[in-house]
Each structure stands twice: as structure tokens, then as C-alpha cells.
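Please keep the structure in view while reading.

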Amino acid sequence: MDNEILIYVKNDEKRIALLEDGELAEYYVEKKDAHRMLGNIYKAKVECVLSGMQCAFVDIGFDKNAFLYINDAVNNYDLKKQKINIEFVKKYNTNISDIIKQGQEIIVQVMKEAAGSKGPRVTRNITIPGRYAALIPDQDYIGVSSKIKDENIRFHLKSLADKIKPEGMGIIMRTNSQYCSETEIINDVNVLKNLWDNIKRNIEKQGVPSCVYEEIDMSLKTVRDFITSDVKRIVVNDRQEYDKLVEFANDLCPMMKNKIQLYNKDYDMFEFYNINSMLLRATARKVWLKSGGYVVVDRAEALTVFDVNSGKYTGKNSLEATAVKTNLQAVDEIARQIRLRDIGGIIIIDFIDMTDENNKQLVLSALKKAVQKDRTKTSVVGFTSLGLVEMTRKKTRKELISVISKTCPHCKGTGRLYEE
């Protein structure tokens with residue numbers, strides 16, 4: 001696969017586009033004035049504990065308090081001090097009021113950005129990501145990315161993690177760890193350990209509420225997380241940003257800096273790569289398939305629905321064959337649209353009806369394979385009794401449509417205007 005990453009800097013914002021074989025697969029926007037929250041660590045104060053809802057609201061220094069659910073309030077380090085078993089808490093539905101108290105000072109990390117009227121969602125289980133590994137300061141744990149399938153590589157990485165992890169802490173080997181040397185992984189873990197030591201010093205000296213660690217900006221995060229053997233180049237249109245990325249890459253992994261290129265054409269970079277027209281397709285309600293079929297995307301408050309239709313495609317053999325071919329084409333497009341639009345939560349897919357159970361499983365297997373490209377955790381549940389496919393995708397940030405557009409003040413998002 002020939003992948004490219006475009007970093008477009010203009011005025012007060014950065015736009016990042018990931019292209020896979022020339023098609024837009026992911027798109028991010030970061031405004032200069034906007035405060036980044038995802039991944040940040042805060043010294044916070046518990047404002048109120050709602051036992052009936054098994055949650056708490058904590059002050060991290062913003063207008064909206066952050067939301068802390070009971071499963072995210074369970075901190076292994078504190079439980080050890082209190083001699084409470086974490087599995088007991090999860091199994092027997094321990095009340096959140098037994099874990100944290102109003103007025104208590106706690107350390108939390110933002111795991112989901114604020115959206116609409118809701119504040120950010122936070123967790124007490126801190127994770128500090130590097131390029132090859134992620135450090136879990138309060139949990140004695142070893143994990144390997146689920147995207148690494150080779151059992152021999154998984155065993156090797158687990159053995160290495162067991163040898164190098166700091167005492168009492170945990171390590172998760174990230175996908176990139178399978179492509180590097182042991183020395184690079186060890187150096188990465190040492191950097192993370194030093195970073196955690198700095199965070200602890202900030203925790204000791206700073207007041208409440210305050211940010212004790214701020215995640216790196218989107219372009220640096222792109223270099224850290226996205227550059228793999230599949231990425232041919234990163235193209236940047238701004239000299240200052242280019243110099244910053246090269247310096248960062250040189251410290252992180254010197255071999256990567258050769259993939260970073262400065263765009264020096266007079267023509268607008270996003271126009272040159274046809275990004276703007278691809279974005280229009282990413283916000284359209286109807287997405288056409290190559291066969292002549294199409295997919296309709298409808299967003300509700302609690303879920304997103306994809307409706308597959310045969311459209312202009314009538315097939316040649318039978319209704320079942322037409323349905324299967326259209327559905328299989330729709331699978332790849334739906335998986336790509338979910339990533340590109342950054343859709344989270346419950347997702348329902350209404351495929352064209354198929355009578356053969358083997359064909360249903362064929363489509364379902366194709367969908368499970370297609371979503372494996374997604375870096376965000378995505379689970380395909382299966383067909384419901386009504387013949388709909390149910391799946392979920394973790395919500396971490398605002399959906400693309402809310403980032404690059406705003407609700408019409410006249411129709412309030414309905415897409416309809418009443419006649420007078």
C-alpha cells in the first residue's frame with residue numbers, strides 16, 4: 001500500500017490528511033487557539049460523586065467539569081494501598097463512593113474530548129505513549145498490540161517487555177515495535193520513564209486544578225504514531241513546521257526524517273492532491289459505489305446508520321448475487337467512511353437482504369477484515385434478529401462533520417425548511 005501524509009499549515013490552523021493509494025482515509029484539523037485535551041494529564045479535584053449513576057464530576061480547570069465513570073475511577077495503585085482487589089470491584093459493582101470522595105485530589109487523563117454540552121471524559125489509569133511502547137505507571141502489566149498477529153513476534157516482544165519494564169509499572173508494545181531493534185525499544189521506554197518522573201515532579205509542585213502533562217501537537221503526533229513502513233512520505237507546506245518535524249524525527253528515529261519532504265510548488269497543496277473534493281464526498285449523505293450502488297449515511301443522536309442500496313446496478317444472474325456483490329463493495333466503503341468521518345459509538349448497517357447464511361457470513365467476515373485498518377478500537381458484533389449488522393467504535397474526538405462545518409442556523413441541522 002502506497003501511503004502519504006499531508007500536513008497543511010495555513011493561518012491559525014493545521015490540517016492533516018492521510019492518503020491510502022491516493023484515497024483520503026483520515027483527516028484531522030487542529031486550530032492554533034484551540035486547547036488540546038486528548039491525552040493530557042491533570043491534577044484534579046472531585047467536585048461531586050453521583051452514586052446513583054456510578055460516576056463523578058471532576059474539576060480539571062475548565063468551564064465544564066470532566067466526567068469520570070466508575071470503571072475509569074478504579075486506580076490500581078490506590079486500590080493496593082486500600083487493600084481492595086480490582087476484580088472484586090468490577091465483579092460486585094462496588095459503589096463509586098467507596099473509591100473516591102468529594103473534595104479528593106486525583107490525577108486523571110483525558111480519554112475523550114469534550115463535545116457539545118458534554119465535558120471531557122477522563123480516567124485515573126494513566127497511559128504515556130511513545131513510538132514503540134506505551135508506559136502504564138500505576139499498573140504492573142505487559143501487553144502487545146492486537147494488530148501484531150505473528151505469534152513468534154508477540155512472544156519475543158512480551159519477553160523483552162518483561163525484562164525492560166520499570167518495577168511496578170506496565171508496558172504495552174505498540175504496533176511499530178515489531179519493526180525496530182531492541183535498543184530502540186529500550187531507549188523509548190527510558191524516555192517514557194524520564195517523562196513520568198517529570199510529570200510526578202509537576203504533580204508535587206503544582207496546585208489544583210492544573211495540567212501536569214500536555215500531549216504533543218497533532219503534527220508531531222503524526223510523525224510519532226503514523227510513520228510506518230507503509231508510509232512513503234510526509235509532505236509539509238510550511239518551512240518552520242518542516243524544520244520542527246525533521247528535528248523531532250531525528251531525536252525519535254533518525255531513519256524517519258528522510259521521509260519528511262517540504263512542498264515547494266506554487267500551486268495550493270490540498271488542491272494539488274485533490275483533498276477538498278474528497279472532503280466534500282466525506283460529508284455527503286449519499287456515497288456512490290463503483291458498481292452503481294450507493295450507501296446512505298444518516299446520523300442520529302445515539303447512533304449512525306449506513307443503508308446499502310443497489311441503485312443503478314441490476315446484476316446479471318440473480319437477486320442474491322446482486323445483493324452479495326453490492327454488499328461486498330459497500331463493506332470497504334463503509335469501513336473507510338467510518339475512519340474518515342471519525343464516527344464513534346453505535347453503528348448500524350442495513351445491507352441489502354441476503355437469504356443464504358453463507359453469504360451473510362461472507363459479508364460479515366469482509367467487514368471484520370476491513371475495519372482492521374482502523375487505529376481506533378472497532379468491534380463488529382454481528383447480524384441482529386432484524387438482519388441489521390451492529391458494530392461499535394470508540395469515541396475519542398469530535399466527528400469530522402462537526403470539525404469542518406457548522407449547523408445551519410435556519411434548519412437547525414434537519415436539512416429542511418418549512419414553507420411559509
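Two bridges join β9 to strand β10 (residues 133-136), and the two strands run antiparallel. In this pairing, P129 stands opposite A134 of β10. The model is predicted: local features need pLDDT of at least 70, side-chain atom pairs count only at pLDDT 80 or more, and totals for chains, interfaces and linings use all residues. Residues are numbered from 1 along each chain as its sequence is written, and side-chain values use heavy atoms, with hydrogens and water left out.

Strands (E, at least two residues) and helices (H or I, at least four) are DSSP runs numbered from the N terminus; two strands pair if DSSP finds at least two bridges between them.

Strands β9 and β10 belong to an open, mixed sheet of four strands, ordered β9-β10-β12-β11. Its edge strands, β9 (128-129) and β11 (142-144), each pair on one side only.

A further open sheet, also mixed, has five strands in the order β3-β2-β1-β14-β15. Because β3 (23-31) and β15 (260-262) each have a single partner strand, one side of each is left without a neighbour in the sheet. Strand β14 (residues 231-236) pairs with β15 in the parallel sense over three bridges, and I260 in β15 is the bridge partner of I234.

Angles run from 0 to 180 degrees between N-to-C directions, with axes fitted to C-alpha atoms, for helices over the stretch in contact; contact means heavy atoms within 4.5 Å.

| Helix | Lies across | Angle |
|---|---|---|
| α4 (residues 151-164) | β11 and β12 (170-173) | about 150 degrees to β11 |
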